[in-house]
Amino acid sequence: MTLTCVSCGKSFPVDSRRHICSCGEPLELDLVTGKVKEGSSSWRRYRDLLPFKPDQKLTMGEGDTPLIKAEALSDTLDINFHLKNETVNPTWSFKDRGTILSVHHAQDLGVSKIGTVSTGNMATSVSAYGARIDSEVWVLVPDDISRKKLDQIEIYDPEIIGVSGDYGELFYRAHELSRTCTSIYFTNSNSPFRIEGYKTVAFELVEEMIPDFVMIPTSSGGLFRGIAKAFLEMERSGMIGHIPTLVAVQAEGCSPIVRTFRKGKKEIKRWEEPDTLAEAIANPYPPGGNEVLRKLKVLDGIAMSVPEERIIEGRKDIAREGISCQPASSIAVEAVKILRNKDVIEENSTVISVLTGSGTRSYTEGESSDMISVDLSEL
Ligand SMILES: *Cc1c(COP(=O)(O)O)cnc(C)c1O
Ligand SMILES: [Zn+2]
C-alpha cells in the first residue's frame with residue numbers, strides 16, 4: 001500500500017499522517033481489485049477492497065444502511081427511485097464510515113490525539129469515535145456554528161475551537177497544524193483512509209441494484225471520491241459491467257465545483273461568499289474539488305446545483321417518504337426532479353440519492369412551526 005497524489009503521482013509511505021501532496025492535491029491509496037467474501041457487514045464482505053477491517057472495539061454498526069424505495073416520488077417522476085438512508089449511522093451521517101477507518105489508522109500509527117475540521121457532522125463523528133478509545137479530540141469549527149450542532153458535539157467532550165473565517169481556509173490551516181503538531185492525527189474530508197471507508201456506500205448499493213444514476217451531495221469532495229473509487233475498483237474486479245452516471249450535487253449558494261465544471265475548466269476557484277441553507281456542504285474551496293472534476297470527466301458524470309428555494313421543498317418531499325434529512329441531503333432529491341424534467345433522467349430509469357445526514361440536527365432558517373398550543377383543559 002502506498003499513498004499516491006491524484007494529480008502529480010508523487011508517492012508517500014502509507015504510515016505517514018499526510019493527506020495532501022506538496023502540490024496541494026489529495027493523496028489516495030492505489031486502486032485495488034478483489035472478490036466479495038462472506039460476512040455480515042460490508043467491512044467483512046469487501047475486505048479484499050479495503051485497506052483493513054476496522055477494529056472491533058471501534059465499531060458501532062456504521063454502514064450497512066437501508067436502501068428505501070421512494071414510493072411517492074417514483075410515482076410522480078415515473079422512475080424507480082431509491083434513497084440510501086445514511087441518517088441511521090451511529091452519529092447520523094455517512095461520515096462514520098470514514099471516521100472509523102481514520103481513527104483505526106491513527107491508532108496503528110500510535111498517535112493518541114485526533115483532530116478534524118468541521119461544520120458539524122464531521123466533528124460529531126470524530127468526537128464520538130475518539131471518545132470510544134478515550135483519545136483527546138480537537139475540533140476546529142466555524143464560530144457561527146448553530147447551537148443544535150454544538151450540542152451534539154459537546155456531549156462527547158472534545159476540545160472545541162471556534163474559528164472565524166471561512167471553512168475552506170480552516171481546512172488548509174488544519175493541514176499546516178497537522179504538519180507542525182506531530183502528536184495530532186488530523187482526519188479531514190479528503191483524508192485517504194476516510195475515502196476508503198466511504199467506498200462501502202457504493203459496495204452496498206451494488207449488492208441491491210446497479211442504478212442508472214447516483215446522486216451525491218458534494219462539498220469537499222470526499223464522499224464523491226469514495227463512491228467513484230469503489231465503482232472503478234468493482235469494474236476492474238469484474239463485479240460490475242458498467243459504472244452508473246455519478247452526479248455531484250451542490251447548493252446554488254455555494255457551488256464552486258459546479259461553476260468550474262460548467263466552464264469546462266480544471267481548477268476550482270474559491271467561492272467568494274457562500275450563502276446556503278445547506279451548511280453541511282458549504283465548503284467554498286473544496287480540497288478534493290479538482291479531483292472530483294477529473295473523475296467526472298473520466299466517468300462522464302454530471303455536476304449540477306440546486307436553487308436555494310428548492311431545498312426546503314426537497315426536505316418535505318423526503319419527509320413524506322418517512323425520512324427527516326438535512327438540507328444538504330435534500331438537494332440530492334431536488335436534483336433528480338431537475339434532471340427528470342430535462343429528460344436527462346429518462347422514464348423508468350433507476351436512480352439512487354444518497355441521504356447523507358439526518359435532519360435532527362439541521363437548523364433551517366425561516367421555517368415556522370405549525371404547532372397549535374392548547375391548554376389541557378381545552379382538549
Ligand atoms: C460531509 C457531508 C456532505 C459532503 O461530503 P464531502 O465529502 O465533504 O463532499 C454531504 N452531506 C452531509 C450531510 C455531510 O455531512
Ligand atoms: Zn502532487
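This briefing describes two ligand sites in one protein structure. The structure is a predicted model, in which local features need pLDDT of at least 70 and side-chain atom pairs count only at pLDDT 80 or more, while totals for chains, interfaces and linings use all residues. Residues are numbered from 1 along each chain as its sequence is written, ligands are numbered from 1 in the order in which they are written, and side-chain values use heavy atoms, with hydrogens and water left out.

**The zinc ion (ligand 2)**

- The SG atoms of C5, C8, C21 and C23 are the protein donors of the zinc ion, lying 2.3 Å from it, where donors are N, O and S atoms within 2.8 Å of the metal (3.2 Å for Na, K and Ca).
- The angles among the four donor atoms run from 102 to 123°, and the site is tetrahedral, a label given to four donors if all angles lie between 85 and 135 degrees.
- Along the sequence, the donor residues follow the spacing C-x2-C-x12-C-x1-C.
- C5 counts as buried because its relative accessibility is 4%, whereas C23, at 42%, counts as partly exposed (buried means under 20% relative accessible area, exposed over 50%, partly exposed in between, with a 1.4 Å probe and protein chains only).

**Ligand 1**

- Of the 16 residues around ligand 1, those that come nearest are K95, N121, S219, G221 and T356, and a residue is near if one of its heavy atoms lies within 4 Å.
- A polar side-chain atom of K95 lies 2.7 Å from an oxygen atom of ligand 1, and a side-chain N or O atom of N121 lies 2.6 Å from an oxygen atom of the ligand.

Terms used:
Four donors count as tetrahedral if all angles lie between 85 and 135 degrees; four count as square planar and six as octahedral if opposite donors are over 155 degrees apart and all others between 65 and 115; anything else is irregular. A polar contact is a pair of N or O atoms within 3.5 Å; within protein, one must be able to donate a hydrogen and the other to accept it, and residues adjacent in sequence count only if both atoms are side-chain atoms.
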